[in-house]
Amino acid sequence: MESKLTFKQYQNSLQENRFLGLECKNCRVYTIPPQAVCRSCGSQEFIQRQVSNKGIIKTFTVIRIAADGFKPPFIVAMVEMGQGAYLMGNIVGIEPDSANMELIGKKVEIKAKLVKGDLYSKDIWTPVFEMISV
Amino acid sequence: MRKVAIAEACMTRFGKHEKTSLELFTEIGLTTINRAGLYPRDIQALFLGNCLGGFGEGQAHMAPFVHSAMGLPMSSPAMRFECACATATVAIRNAALLVGAGVYDIVLAGGVEKTTNLSTSLATRTFAMASHAQYETPVGITFPGVFAMAAHMYADKYNIPLIELKKHMAEVAVKNHYYGSKNLKAHFQKEITVNDVLSGIMVADPLQLLDCCPFSDGASAVLITTEEKAKKITKKPIYIAGMGQASAGGLYVQQDITKAMARKTASKQAYLEAGIKPSDIDVCELHDCFTIAEIIAIEALGFFKAGKGYDAATKRHTYIGGKVAINTSGGLKAKGHPIGATGAAQVTEIVEQLRDEAGKRQVEGAKIGFVDTMGGDFGTVCNIILTA
């Protein structure tokens, strides 16, 4: 079965700041990031869609002791996109020391950045979240 | 399926060891076989858990070398299991399934890990390899980070002020260090206070140093056999009454990381097979890699309702004499966490409890014990219910 959205195509879309996702033909749930089957019903029938780059912070942490290759402190968060899918990425543009529980529920704009690979991984585009000031 | 029993279970002290992984497992494996009054030639298969041998010692494919060092027969296959932190429990479950099915009569299962020879940053990097390598690891998530996000989500979901939740989390660490102080095999055998936890360095907000389990070295082995053989080997065979195992994907798929759905699924299988309910459990070793992890686990295993388990240690519900004795070994938190060995050491603690051999940390009259091991970021959960 051929993938409707490969990792490479998804990576290209992040690089171009266009968010591609998969809408399930069966249950209409969005699977983002892409995988072979619907995260909700397991269907293999998808329609590829461009989706909105807005989301809401569901949780976060400030990494202060980091793995090799990362410079702490930095913020990691999980964000719910408008289509109900969750993404993990970095909140940027605010001081890590200012991060607190008030971040949860706040709106963000989702962009992407290139993370340099290391001995075990290649360069990868990952989501970054910018706070939308109200 | 035949009834399956544990005839013997042993662990090394957890902590820092100079010996190689191969030496550590060989020693504890032979101790287990010797204590059972058996010989290496009696072992029909070796299921060896190991995660980081490739990074710490440049050793992949460790099982056949351990097999040779232990003097097991060439006809008894040896193989490595890897399910992150749930590794050894999965090895034990598979051994029990094959003994139950009649494929083997006696299997040695367990695991070994050396993590203290890795720098903290390399250990953190290799542990993070158990997160999704394309969608999650590249953002710099660490294991403390995963559980830190779970803690924030828990505080938000149940509307508990973070400062209050953190005090209750600290009480989990206090409890587990208290029991660790009574366990001569524990990595940390020192009691701590809530203040010690709340004054530690921040690892990943809101988790401080003593909210986290240590990197440890150690090995543990369990002898799995039939009811008939176990009764010949020991006066106190321990029986496997039920087992369960479940899998989940990355955190982006799991979404609500306060719920640990794979644990609910795995434990439901185990309870059903054993024909018992959570309130029947006398003693439980569960996966407290972080203080918040114990809170999430006691809820998912059905000991406490969702959102109600956070103050269980504070109210002493999870101490011996409370509602259910949780982590009497000291847990991963104080006993230590050599990832590939952890599940077998949890089984070892429950075996000692059900044999009334746990000394100063004995749960009086314990008859039914529960083992809960979680691999990665809730991706694997394996549960085993044991009875005397």
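A residue is buried if 20 or more other C-beta atoms, placed from the backbone, lie within 10 Å of its own, exposed if 12 or fewer do, and partly exposed in between. This is a predicted model, in which local features need pLDDT of at least 70, side-chain atom pairs count only at pLDDT 80 or more, and totals for chains, interfaces and linings use all residues. Residues are numbered from 1 along each chain as its sequence is written, while chains are lettered from A and ligands numbered from 1 in the order in which they are written.

**Exercise 1. Describe the build of chain B.**

Step 1: start with burial. Of the 388 residues in chain B, 63% count as buried.

Step 2: list the elements. Chain B holds 14 helices and 12 strands; these are DSSP runs numbered from the N terminus, with helices (H or I) of at least four residues and strands (E) of at least two.

Step 3: check the overall size. The radius of gyration of chain B is 19 Å, close to the 21 Å that the globule rule gives for 388 residues, so chain B is as compact as a globular protein of that length. Here the radius is taken over C-alpha atoms, and the rule is 2.2 Å times the number of residues to the power 0.38.

Step 4: Along the principal axes, the C-alpha atoms of chain B fill roughly 60 × 45 × 40 Å.

**Exercise 2. Find what chain A brings to its meeting with chain B.**

Step 1: count the residues. In chain A, 31 residues are in contact with 31 residues of chain B; contact requires C-beta atoms, placed from the backbone, within 7 Å.

Step 2: look for the main contributor. E4(A) gives the most to this side of chain A, with 6 residues.

Step 3: sort by class. The side of chain A that touches chain B has 20 nonpolar, 7 polar and 4 charged residues. Nonpolar covers Ala, Val, Leu, Ile, Met, Phe, Trp, Tyr, Cys and Pro, charged covers Asp, Glu, Lys and Arg, and the others, Gly among them, are polar.

How values were computed: Two residues are in contact if their C-beta atoms, placed from the backbone, lie within 7 Å.
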